[in-house]
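Let me put the model up, and then I'll walk you through a few spots in it.

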Amino acid sequence: MKRSNIIMLIASILPLGLFLFPLWKITLEAPQYPTPLGMYIHINDFSDVHPHDIKNINLMNHYVGMKYIPEAIPEFKIFPIAIIIASVLGLLIAFKGNFKWFLAWFIFMLIMSIAGLYDFYLWEHNYGHDLDPKAIMKFTNPDGSVMGFQPPLFGSKDILNFRAHSYPQLGALFLGLGITASFIAYLIGKKNIKTV
């Protein structure tokens, strides 16, 4: 088996790390919470960083009219299937394909990852802006518009007296390494063709 195909084989397996490790983590720091509240976002569910974190986030957000963080969203059914299909395709390409197919898988995975990030952004935007008009507490921006409570897609952001942090986790690293490895497999495969 050629070296480029071996790398492609590894590349197609790495995204399966999403089933073992969290994809993303959102943390909320505030003076009234000595231990920050946080939640992990996995490929197929949400989980607490500390016991009852999501419950406490929901209770807190209820006062400003935000929806509860659901136990499940449609993406939790779609994304696992998409990753499994992509990995199986990657394995087939590793055994049967050439460097052009490695590039096609790389582009496919890149597009799928960008689409996933955009979907995550839309979910955060809806979560932070679609507020209940009957909320107990209402906050407005300096221009008089209703204040949104959208966490950052990536990085840190101040929201009232909270400091929100949003960063990728180990699952995202596995996905990124898989995508990068497929591009390296493409470059090596292309170079081998030129030297033959």
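Predicted model: local features only at pLDDT ≥ 70, side-chain atom pairs only at ≥ 80, totals over all residues.

Residues are numbered from 1 along each chain as its sequence is written, and side-chain values use heavy atoms, with hydrogens and water left out.

So, pockets. Rolling a probe the size of a water molecule over the atoms shows where empty space is left. Here a pocket is an open set of points on a 1 Å grid over the protein atoms alone, where a 1.4 Å probe fits, with protein on both sides within 12 Å along at least five of seven lines; lining residues have an atom within 4 Å of a point. Volume is the space filled by probe spheres set on the points, which are joined across faces, edges and corners.

The largest pocket comes out at about 520 Å³. It has 23 lining residues, and Leu23, Phe79, Ser113, Gly116 and Leu117 are the closest to its centre. Helices α3 (75–96), α4 and α5 (170–195) each put at least two residues into that lining, with the largest share, eight residues, coming from α4. Helices here are DSSP runs of H or I, at least four residues, and strands are runs of E, at least two, numbered from the N terminus. By class, the lining has 18 nonpolar, three polar and two charged residues. For the classes, Ala, Val, Leu, Ile, Met, Phe, Trp, Tyr, Cys and Pro are nonpolar, Asp, Glu, Lys and Arg are charged, and the others, Gly among them, are polar.

The second largest pocket holds about 380 Å³. Its lining has 21 residues, and Met60, Asn61, Met66, Phe149 and Phe162 lie nearest the centre. What about charge there? The lining splits into 18 nonpolar, three polar and no charged. Helix α2 gives the most to it, three residues.

Phe149 takes us to the rings. There are eleven aromatic pairs in the whole structure, a pair being Phe, Tyr or Trp rings (six-membered ring for Trp) with centres within 6.5 Å; planes under 30 degrees apart are stacked, over 60 edge-to-face, the rest tilted. One of them is Phe139 with Phe149, edge-to-face, 6.2 Å centre to centre and 80° between the planes. Are these two buried or exposed? Phe139 counts as partly exposed because its relative accessibility is 27%, while Phe149, at 7%, is buried. The cut-offs are under 20% relative accessible area for buried, over 50% for exposed, and partly exposed in between, with a 1.4 Å probe and protein chains only. Elsewhere, ring pairs join Phe46, Phe76, Trp123 and Tyr127 into a cluster.

Now the single residues. Leu37 sits in strand β2 (residues 33–41) and is buried at 3%. Leaving out residues up to four places away in sequence, Leu37 touches Ile26, Thr27, Leu28, Asp53, Asn56, Ile57 and Met60, contact meaning heavy atoms within 4.5 Å.

Last one: Ser12, in helix α1 (residues 3–13). Ser12 counts as buried because its relative accessibility is 1%. A polar atom of the Ser12 side chain lies 2.8 Å from the backbone oxygen of Leu9.

How values were computed:
Polar contact = N/O pair within 3.5 Å; in protein donor to acceptor, adjacent residues only side chain to side chain.
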